[in-house]
Amino acid sequence: MTLRERLLPQPVVTIAIAVLWLLLSGDVSGGQVLLALTLGLAIPMLTSPFWPRRLKTFRAGAALRLFFVVLYDIVVANVTVARVVLGDTRAIQSQFVDVPLDTRDPFVATILGSIITLTPGTLTMDIDMDQSGARRACHDAHALAARAGTDDARPHSGT
Amino acid sequence: MFAEALASFLILTGGAFVLLGSIGLVRLPDVFGRLHGPTKATTLGVGAIVAASSIASFELTGNISLKEISVLLFLFITAPVSAHLIAKAALAKRSDGAPASDSQG
């Protein structure tokens, strides 16, 4: 581990924390910038044992596209779930669903799990990552559906 | 005027979805179903209210307030984590511990 990796284990997180602090404080004065940079450097350093790996790349275009896909899904699924909740609750047939993962990266799996939970009607129960076995990684999700046919809330399994 | 109307619309929409989340909490049959309610209310419900707050504060003070983005960000990070913990606890409490295909918790 080089000195640079020791001092700056997560450059992307450092920038994210600094920007978040400036958003929170609401002014971009010298003192706040200094505080933001201090927090951005200290927090990744203190929490580096918890990070599975160093995030090197950040594809802004892909992230933006994913953001709008998720936003659209959240709006559509909210309406669907609203109808389920207000309807006959005895007709609800909820299911546990295995969602096979295309990734072995725990960070990506966690993001997908969070998206599944944030999308109404589906909930991540468990993330089962088998690092050694090939492609046995899977999500257990809980899906809420009133009868077959109203499964619009199904998450996109590809990221 | 237009901003006020838009903010009012967003507050009403957001409030409606938060209410629906609470109704879901009461009406859904088991712990896994009930978990859906509150985690959902935060997404569109609080999202719309926060957007209304942003628009209203810009209209009233003229300052662009970006604090709302961080509110939304914190909720979107913490909601799945707490839901995941409750779900895992509920799973562990079941005698077999394994997900079954029925909805009876």
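Predicted model: local features only at pLDDT ≥ 70, side-chain atom pairs only at ≥ 80, totals over all residues.
Colleague: What makes up the secondary structure of chain A, and in what order do the elements run?

Modeller: Chain A comes to five helices and three strands. From the N terminus on, its elements run α-α-α-α-β-α-β-β.

Colleague: What is the corresponding description of chain B?

Modeller: Chain B has three helices and zero strands, and its elements run α-α-α from the N terminus.

Colleague: How many residues does each chain have, and what share of them is buried?

Modeller: Chain A has 159 residues, of which 36% are buried. Chain B has 105 residues, and buried residues make up 36% of them.

Colleague: Why is Pro44(A) called buried?

Modeller: The relative accessibility of Pro44(A) is 1%. Buried means under 20% relative accessible area, and therefore Pro44(A) counts as buried. Pro44(A) has its place in helix H3 of chain A. Leaving aside neighbours within four places in sequence, Pro44(A) is in contact with Pro9(A), Gln10(A), Val13(A), Thr14(A), Ile17(A) and Leu39(A).

Colleague: Why is Thr38(A) called partly exposed?

Modeller: Thr38(A) has a relative accessible area of 45%. Buried requires a value under 20% and exposed a value over 50%, so Thr38(A), with 45%, is classed as partly exposed. Thr38(A) also belongs to helix H3, residues 30–47 of chain A. In sequence Thr38(A) and Ala18(A) are 20 residues apart, and their C-alpha atoms are 8.2 Å apart in space.

Colleague: How do you know what area is buried between chain A and chain B?

Modeller: The size of an interface is often given as the accessible area lost when the parts come together. Between chain A and chain B the buried area is about 2,900 Å², and carbon and sulfur atoms give 72% of it. The contact takes 31 residues from chain A and 34 residues from chain B.

Colleague: How many salt bridges and polar contacts are found between the chains?

Modeller: The count of salt bridges between chain A and chain B is zero. One residue pair is in polar contact across the interface, with both residues at pLDDT 80 or more.

Colleague: Which element gives the largest share of the side of chain A that touches chain B, and what kinds of residue form that side?

Modeller: The largest share comes from H4(A), with seven residues. The residues on this side of chain A divide into 17 nonpolar, twelve polar and two charged.

Colleague: What makes the set containing Phe96(A) and Phe32(B) a nonpolar core?

Modeller: A nonpolar core is a set of buried residues of listed kinds, Ala, Leu, Met and Phe among them, joined through side-chain atoms within 4.5 Å. The largest such core has nine residues: Phe96(A), Leu123(A), Met125(A), Phe32(B), Leu35(B), Ala83(B), Ala87(B), Ala90(B) and Leu91(B). The set therefore qualifies as a nonpolar core, with members from chain A and chain B. E2 of chain A and helices H2 (31–61) and H3 (67–93) of chain B each supply at least two of its residues. H3(B) gives the most, with four residues.

Colleague: Which residues does Ala87(B) touch, not counting residues up to four places away in sequence?

Modeller: Ala87(B) touches Thr124(A), Met125(A), Phe32(B) and Leu35(B).

Definitions and conventions: Residues numbered from 1 in each chain as written. Chains lettered and ligands numbered in written order. Heavy atoms only, no water. Contact = heavy atoms within 4.5 Å. Buried area = accessible area lost by both parts, 1.4 Å probe. Salt bridge = Lys/Arg side-chain N within 4 Å of Asp/Glu carboxyl O. Polar contact = N/O pair within 3.5 Å; in protein donor to acceptor, adjacent residues only side chain to side chain. Nonpolar A, V, L, I, M, F, W, Y, C, P; charged D, E, K, R; others polar. Buried < 20%, exposed > 50% of the residue type's maximum accessible area, 1.4 Å probe, protein only.
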